[in-house]
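Hello,

Here is the structure I promised to pass on. Please open it alongside this note, and my findings follow below.

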Amino acid sequence: MSAVNREPLTAAQRTRNDAVLALCVAVLAVAITLTGGEGIRPDRLGWTLLLAGHVPLVRRRRHPVGALLGVVACVAPYYALDYNPAPPMPATILALYTIAATGTVRRTLLTGVTVLGPTVISNGLTDPEGALDALEITGWIIAVLFIGIAVRYYRLYVASIVERAERTREEEARRRVAEERLRVARDLHDLLAHSITLIGVQTSVAAHVLTADPERFDRKAVAQALDDIAGTCRIARGELRTTLEVLRAHDTAVGVGADPGPGSVSGSVSGAEDVRGPLPGIDGLAGLAETGRVAGAKVELSVRADNIPPSVGAAAYRIVQEALTNALRHGGREDLTVRVSLWTADGALRVSVRDDGTGGVGGAGPSDGTPGFGLVGMRERARSVGGTLDAGPGPAEGFEVTATLPLSLEAGV
């Protein structure tokens with residue numbers, strides 16, 4: 001089947017294989033001749049014509065028409081001298097098959113007509129009573145040509161399947177790359193937006209302390225604000241490094257990764273704590289709420305959920321992180337209160353983040369006039385685990401984000 005599926009015109013070592021095949025066909029012709037048969041037994045001239053008729057088969061795939069003409073040029077005098085007609089048949093059949101298997105249908109039909117026409121006419125003139133033999137020869141020739149055509153179309157069919165499979169594999173690879181880029185972009189957006197928002201709020205606190213009452217400078221308050229900024233930077237650096245290491249995991253596994261140099265993340269910060277680890281889940285919500293409190297908001301956290309799958313926990317964490325970030329950015333009031341609740345019900349994890357601010361989440365708020373991708377990112381997070389997310393104004397005031405995240409793949413489907 002491998003030989004049938006292989007394209008004959010581009011197969012490796014085709015000349016060597018054709019030479020071996022021609023030698024085997026010549027040995028078969030010699031064996032048929034030695035076993036006897038009808039007609040005159042070949043003499044020296046007959047053996048020369050018979051063996052010379054197999055030489056063109058060495059180039060049968062490179063020049064199929066030339067190979068057939070070479071075989072006919074030796075076989076025609078052989079038959080004219082009334083030698084045993086059986087020995088040249090394998091070489092003739094192989095040459096005809098090559099014509100049909102490597103060329104177009106039009107060329108095959110023209111070849112068949114060219115070969116059959118003189119054969120039928122000469123047999124009708126020289127042996128009118130041998131019509132049955134002529135019909136048998138014609139049937140063999142037609143059968144060989146049709147087999148060659150069938151093999152050629154089968155090879156074209158196999159080639160189309162292989163090409164389609166390769167194209168599908170390339171499209172799947174491009175789709176996976178696009179999904180991975182989207183996932184990394186989403187992670188970086190959630191991480192950086194949250195961290196930069198907290199740093200901005202903490203910097204504003206430090207600036208306010210420095211400028212509010214210069215005569216009563218509160219060094220402790222400034223130091224606390226700067227420590228909060230440094231802590232936020234350490235956490236953000238750790239999560240950023242963990243996220244980016246996902247992209248380098250393959251290179252590290254095969255030994256491509258090198259030792260970090262002076263420009264690497266770990267080498268660029270002297271004496272800083274190296275915060276690394278897996279991406280957080282619902283266990284990290286307490287730290288997330290604490291960062292919100294440090295930023296000046298009152299964050300009330302309630303978690304009533306156990307044994308949450310890591311993927312669902314990571315999605316819930318990112319949704320709460322983005323909702324809390326947007327509440328801090330767009331809350332519009334100093335005594336902002338954010339209520340974060342997580343609980344399990346009906347085979348799903350329920351997430352609710354509600355604030356009492358005056359701005360909106362995910363759109364333009366008091367902090368700036370540019371719309372963001374907060375709501376889009378949160379919905380993508382929910383869809384990634386088969387869940388849903390709703391966001392809009394709260395029942396009384398502020399803004400509310402609710403999500404339903406199935407705890408199993410079957411529930412998400």
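Tyr78, Tyr79 and Tyr83 make up one aromatic cluster. This is a predicted model, so treat every value here as computed. There are two aromatic pairs in the structure. Tyrosine 78 and tyrosine 79 pair edge-to-face, at 6.0 Å centre to centre with 80° between the planes. Tyrosine 78 has 1% relative accessibility, so it counts as buried because the cut-off is under 20%. Tyrosine 79 is partly exposed, at a relative accessible area of 32%. The pair of tyrosine 78 and tyrosine 83 is tilted: 5.2 Å centre to centre, 40° between the planes. Tyrosine 78 and tyrosine 83 are both buried.

One more ring to look at: arginine 152 lies over the face of tyrosine 153, 5.7 Å from the ring centre.

Now the cores. The largest nonpolar core has 36 residues. Ile319, Val320, Leu342, Leu349, Val351 and Leu405 touch the most other members. At least two residues each come from helices H10 (285–294), H11 (310–330) and H12 (374–384), and from strands S2 (337–345), S3 (348–355) and S5 (399–406). H11 gives the most, with 10 residues.

Take a look at leucine 349. Leaving aside residues up to four places away in sequence, leucine 349 touches Ala305, Ile308, Val312, Ala316, Leu342, Trp343, Thr344, Ala403, Thr404, Leu405 and Leu407.

There is also a second, separate core of 18 residues. Among them are Ala22, Leu57, Leu94 and Leu116.

Best wishes

How values were computed:
Residues numbered from 1 in each chain as written. Predicted model: local features only at pLDDT ≥ 70, side-chain atom pairs only at ≥ 80, totals over all residues. Heavy atoms only, no water. Core = buried A, V, L, I, M, F, W, Y, C linked by side-chain atoms within 4.5 Å. Buried < 20%, exposed > 50% of the residue type's maximum accessible area, 1.4 Å probe, protein only. Helix = DSSP H or I, 4+ residues; strand = E, 2+ residues; numbered from the N terminus. Contact = heavy atoms within 4.5 Å. Phe/Tyr/Trp six-rings, centres within 6.5 Å; stacked < 30°, edge-to-face > 60°. Lys NZ or Arg CZ within 6 Å of the ring centre and 35° of its normal.
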